[in-house]
Amino acid sequence: MVRENLQNWITSWNKRHSSEISDFKETGYLIRRSPLTMVGLSIILMLIIVAIFAPCIAPYDPITMHLDNRLAPPSKAHLLGTDELGRDILSRIIYGAGIALNIMIIVLAIDLPLGILLGLIAGYFGGWIDEIIMRLADIFMAFPRLILAMAIGTALGPNLRNTMIAIALTMWPVYARLARGETLSIKERTFIEAEKALGTSNLKILVFNILPLCLSTLIVRATLDMGNIIRIAAGMSFLGLGAQPPTPDWGLMISTGRKFLISQWWVPTFPGFAILLAVFGFNLLGDGIRDISDPHLRRGRQ
Amino acid sequence: MVKDLLLEIKDLRINFYTYRGVVKALNGVNLKIYKGEFFGLVGETGCGKSVTASGVLNLVQNPGKIERGEIIFKGKDLLKMSKEEIREKIRGKEITMIMQYPVSALNPVMNNGDQIAEGLIANKNMSEREAKKRVIELLREVNIPEPKKIARQYPHQLSGGMAQRVMIAMMLSTEPSLLIADEPTTALDVSIQAQVLSLLKDLISKHKATVLLITHDLSVVAETCDRVGVMYAGDMVEVGEVDQIINNPQHPYTKGLINAIPSDRRKELVEIRGSVPDLVNPPSGCRFHPRCDYVRDLCKNEKPKVLQVEKNHIVACFLYEGGYEGGESGRTD
Amino acid sequence: MEELIKLREIKKYFPWKKHEYVKAVDGVSLQINKRDIFGLVGESGSGKTTLGRIMLHLIDSTSGDIFYKGEDITRIKRLEKSMRRNMQIVFQDPYSSLHPRKKIKDIIGSGLRTHHLVKSESELITKVEEFLNLVGMGEEHLYRYPHELSGGQRQRVAIARALILNPEFVVLDEPTSSLDVSVQAEILNLLKRLREELNLTYIFITHDLYLARIITEKIAIMYLGKIAEYGETENIFENPLHPYTKALFSVVPKLDPKKRTKKIILKGEIPSPINPPLGCRFHTRCSEKIGEICEKVLPPLKEIKDKHFVACHLYD
């Protein structure tokens, strides 16, 4: 009896969502058709798995020092060698994945909602609200990103949390502008006029009608920015403004390992590769998602 | 009067390979256009009329592919010509095309006069001076007031009607043998449409060109064309002189179309039941059979043969087996 | 006949660059009664679309008065929700008037939620299904997206969306211009049937003269923001008085060669509504121009015969 109900519910759910399901399948098809996107996706998935299962995967603890085994070259015991305090580099890189992803998620978690909110309001209502928000955005955008991040980071104090805030503050204008641009064009479309004719309130129009349409552009942009975020965060850590020792942050690892570049090259190089791989993966994924989202490729339905 | 055959399309089949499947856009289209005539190709969305036009110019784009057929223009098969030959000799020279949205077909960063001159200099080896002079002459011919001023302006400054006239001037500058007009007046107001159509007719008789007019508006065809071809879902279902098609339509679709148009003739619109088929899985046999009031079993299994109704009037429908109205079933409409 | 909407000297000027205005509607007065099928006919720049929006209070007029059932609603900034329900619109382009990411049930049901006409999702579904059936579509479309529907189907959805609120009048803004001819016939017949069943008043905006003749009972011919001629449809078609109307009728392509009279091909372009000609708006293209009076004085809309109004100095 219960099983029958469940089956009925499943069939009805399938029927009600058949459109989304076929959309989903088409996305899958398009992703599979693009080898570069698949590569990007694989790299990122690997990164995520490594980050989540770090405690299980990492052969050693990333923090404990082993001063008797400093600067050991790559070997069977330490696949990527050890750093200047005897810590296993491979393990530190593995744990570093989680830190990198964490930074990225938090920055986007601040920027996307903030940018969308300000952009929607500016675009929809126009007038002086638009002016204020846009001038504010202009002020932030007037500075080169890294420099601004550095300035804010220094002002707030050098630690990882402040780095994230600093980076977030340099990037929100981009999302706000994007959201505003989308809103400006969407609000002129006929279906918005139709909602007004039906009596829908402005709030509902913004949240239920305009917002869902902005999301795809913003997500694409966010994906393309992910690589940037990691890069800037690494840069900040490298300059001493971000993560502090003994955190296994990749940028910090390069910074502290820099002086060993000639003789014990593995100390700064492997973290460098890690950053390279992560940024590369995100860029490929971002490009792929952008191409797939392009309506020209999808809407062959007309 | 012996009519010279200018363009003959034989059994043209074009498919589009899309994610959803293969769209069988043209299902073996046959068409003859004679020198000096104004031929109208009529049909609704998806019937393949625009695809036919792109086929003639060999401009069928990916994912479309010309599967088979011949397009014989002045005795030579265009589909067998090399790309260079078509580009250099045919497109924009012997066969030109004007489209629905002229402002977007014109180069936005060149002024109107220069655009027309460009073609003259390249194709007719005119000097810049000669070309500029000819441009003004052409603009005057298409009834553009203040041609010198318009020549210096840019496309975005033109209204729809003016832009279309500039396009016509451009397309006539190379003295083409065939001018294809793809929905040239659909986006224009009625009063402007009348101007542009009457202009086309005048110019055609003056330049002795031939026009293939593609449109969904049967009334426009009724007023301007000599002969008409009616297309449905990738097939040419009826071809004849304008009077024959309007006053003696034979194909059930043609009849349906005439009854559905708001015109000076009727007080009511009669619907054609059903809807335009999906060309990924088109109906078997006669593609119109699911919507036809006179459908028989034969129609579902076999593609109808082309039969002659009267002189210059042919139809692709089993109802007229025997070549006269009614055929086996004895129906008279 | 109960008066539903009355417009008095409505003007709508859109600001355009510095100190210039697009005079979309430039002094229009008319009255729509309950159960009318009223046609607004004109070419581009005539102002018919803007006028339709003004009647619904979707756009504010620059000057003039609007009365709804006798009540002056000109100054009301945002219409009361209950009044909003009574006036609905079906737009021209079925490809952009439906939200691409919403399901059909939500598109049609949007108004039901806003006006609290249903208390639960299942109530919504029932009501939406009812109206889907009313416009000739089945419940299989409830969970689909607009891109899965054909143009004709989308337009039916738009009609259902407008009618589900039980409005008193519906503005139909070129509802079939974007559709194929055979589909147009279906939609028009549907609209006619619905008007009978639901006792609706239609304001039918179109540029297609023969379409207007088939569906409307009263008609106003507009040119550059003003009404040129106005009256009962059959009268206007049998006996057009305004030179613009006559020219329009003569150049509309006709199927029947016998009906083709000599064409009055209007010279020139439609003037820009930013700087419309002084005096009679049509004088720059008019073949029956009398003289200076046409260039200087705006002709008033006068009743010439029984309920047949013309704005032309020829009939002063």
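Mentor: A:Ile133 is buried, because 21 other C-beta atoms lie within 10 Å of its own; a residue counts as buried with 20 or more such atoms, as exposed with 12 or fewer, and as partly exposed in between, the C-beta atoms being placed from the backbone. Before we go on, note that this is a predicted model, in which local features need pLDDT of at least 70 and side-chain atom pairs count only at pLDDT 80 or more, while totals for chains, interfaces and linings use all residues. Residues are numbered from 1 along each chain as its sequence is written, and chains are lettered from A and ligands numbered from 1 in the order in which they are written.

The residue itself belongs to helix α6 of chain A, which covers residues 127–141; helices (H or I, at least four residues) and strands (E, at least two) are DSSP runs, numbered from the N terminus. Leaving aside residues up to four places away in sequence, A:Ile133 touches A:Leu118, A:Ile121, A:Ala122 and A:Ala176, where contact is judged by C-beta atoms, placed from the backbone, that lie within 7 Å. A:Pro173 stands 40 residues from A:Ile133 in sequence, yet their C-alpha atoms are 9.1 Å apart in space.

Widening the view to the whole chain, we find that chain A has 13 helices and zero strands. Its C-alpha trace spans about 75 × 60 × 35 Å along the principal axes, and of its 302 residues 38% count as buried. If we take the contacts in chain A between residues at least 6 apart in sequence, 69% of them join residues at least 24 apart.

One pair of helices in this chain deserves a careful look. Two packed helices are described by the angle between their axes and the distance between the axes. For α11(A) and helix α12 (residues 266–293) of chain A, the angle is about 155° and the axes are 8 Å apart; the axes are lines fitted to C-alpha atoms, for helices over the stretch in contact, and angles run from 0 to 180 degrees between N-to-C directions. The two helices are therefore roughly antiparallel to each other, since angles over 145 degrees are given that name, those under 35 count as roughly parallel, 65 to 115 as roughly perpendicular and the rest as oblique. On the α11(A) side, A:Trp250, A:Met253, A:Ile254 and A:Gly257 meet residues of α12(A), among them A:Val267, A:Pro268 and A:Ile275. Sorted by class, this contact has eight nonpolar, two polar and no charged residues; Ala, Val, Leu, Ile, Met, Phe, Trp, Tyr, Cys and Pro count as nonpolar, Asp, Glu, Lys and Arg as charged, and the others, Gly among them, as polar.

The loop between α10 (202–238) and α11 (250–257) of chain A holds A:Pro246, and a cis peptide bond, with omega about 5°, joins A:Pro245 to A:Pro246. Most residues other than glycine have a negative phi, and most peptide bonds are trans. Chain B also has a cis bond, from B:Asn62 to B:Pro63, with omega near 0°, and B:Pro63 is in the loop between α1 (49–56) and β4 (64–73) of that chain.

As for phi, B:Asp11 has a positive value near 50°; this residue sits in strand β1 (residues 5–18) of chain B and is partly exposed, with 13 other C-beta atoms within 10 Å. C:Leu224 likewise has a positive phi near 50°, but C:Leu224 is found in the loop between β9 (218–223) and β10 (226–232) of chain C and is buried, with 25 other C-beta atoms within 10 Å.

Finally, chains B and C touch each other, and the contact takes 34 residues from chain B and 30 from chain C. On the chain C side, α6 (181–198), α7 (209–215) and α9 (243–251) each supply at least two residues, and α6(C) gives the most, with six residues. The residues of that side divide into 15 nonpolar, five polar and ten charged.

Terms used:
Contact = placed C-beta atoms within 7 Å.
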